Amino acid sequence: MSDSVPPPLSAAEALRLADRADAAARRPGELPHWYGPAFAFAFAAYGLGIGQALATGQYALIGVFACGFAALTGGLARVAVRRDGIVRRGVPDGLGGPIAWGVLAVCAASAAGMLLAWQAGGGPRWIGGVGGLAAGLVFWAGTRRLDRLVRRLPQAG
């Protein structure tokens with residue numbers, strides 16, 4: 001058995017190692033894997049709730065469902081941020097366009113889903129449910145894409 005001690009690092013090697021550690025510490029973490037599916041479920045439940053409220057004529061429930069959706073998704077976002085999601089260190093430059101396109105894609109998917117359900121003869125429950133499900137699935141796919149995009153962005157500093 002040898003009691004050898006590794007030789008000390010040179011100043012240049014130590015600086016390179018410190019720079020790599022600093023870059024790794026600044027790199028945003030990935031969103032938790034449950035984030036997309038949880039939001040997809042929240043969108044689908046919200047769409048079903050709105051469809052149910054419209055079908056039964058209980059229009060006041062739409063506001064209750066909106067508040068519940070906002071509270072649920074806000075709580076999910078807060079937990080994800082505390083788990084080192086991409087938002088924790090601030091939104092990197094260059095994400096405004098992809099985020100705007102993502103929001104438009106969620107709205108378009110919801111509208112297309114509702115239109116298809118209506119064209120198929122679905123009632124308000126089906127229309128709301130399909131719209132919510134479509135929005136949720138596109139949101140889920142969008143978060144995965146955005147997560148990959150953020151990981152590839154050059155790190156500032």
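Predicted model: local features only at pLDDT ≥ 70, side-chain atom pairs only at ≥ 80, totals over all residues.

Reply: Residues are numbered from 1 along each chain as its sequence is written, and side-chain values use heavy atoms, with hydrogens and water left out.

Me: Which helix has the highest mean pLDDT in the protein chain?
Reply: The pLDDT is the predictor's confidence in each residue, from 0 to 100, and the protein chain averages 81, with 82% of the residues scoring at least 70. Helices (H or I, at least four residues) and strands (E, at least two) are DSSP runs, numbered from the N terminus, and the protein chain has five helices and zero strands. Among these elements the lowest mean, 74, belongs to H1 (residues 11-26), and the highest, 89, to H4 (residues 96-119).

Me: Why are H4 and H5 called roughly antiparallel?
Reply: Axes are lines fitted to C-alpha atoms, for helices over the stretch in contact, and angles run from 0 to 180 degrees between N-to-C directions. The axes of H4 and H5 (residues 124-152) come within 7 Å and cross at roughly 155°. Angles under 35 degrees count as roughly parallel, over 145 as roughly antiparallel, 65 to 115 as roughly perpendicular and the rest as oblique, so the crossing makes H4, relative to H5, roughly antiparallel.

Me: Is Ser 110 buried or exposed?
Reply: Ser 110 is found in H4 and, leaving aside its neighbours within four places in sequence, is in contact (heavy atoms within 4.5 Å) with Gly 131, Ala 134 and Ala 135. Buried means under 20% relative accessible area, exposed over 50%, and partly exposed in between (1.4 Å probe, protein chains only). Because its relative accessibility is 16%, Ser 110 counts as buried.

Me: How many charged residues does the contact of H2 with H5 have?
Reply: The axes of H2 (residues 35-56) and H5 come within 7 Å and cross at roughly 165°. Ala, Val, Leu, Ile, Met, Phe, Trp, Tyr, Cys and Pro count as nonpolar, Asp, Glu, Lys and Arg as charged, and the others, Gly among them, as polar. On that division, the contact of H2 with H5 has 15 nonpolar residues, ten polar and, as for charged residues, one.
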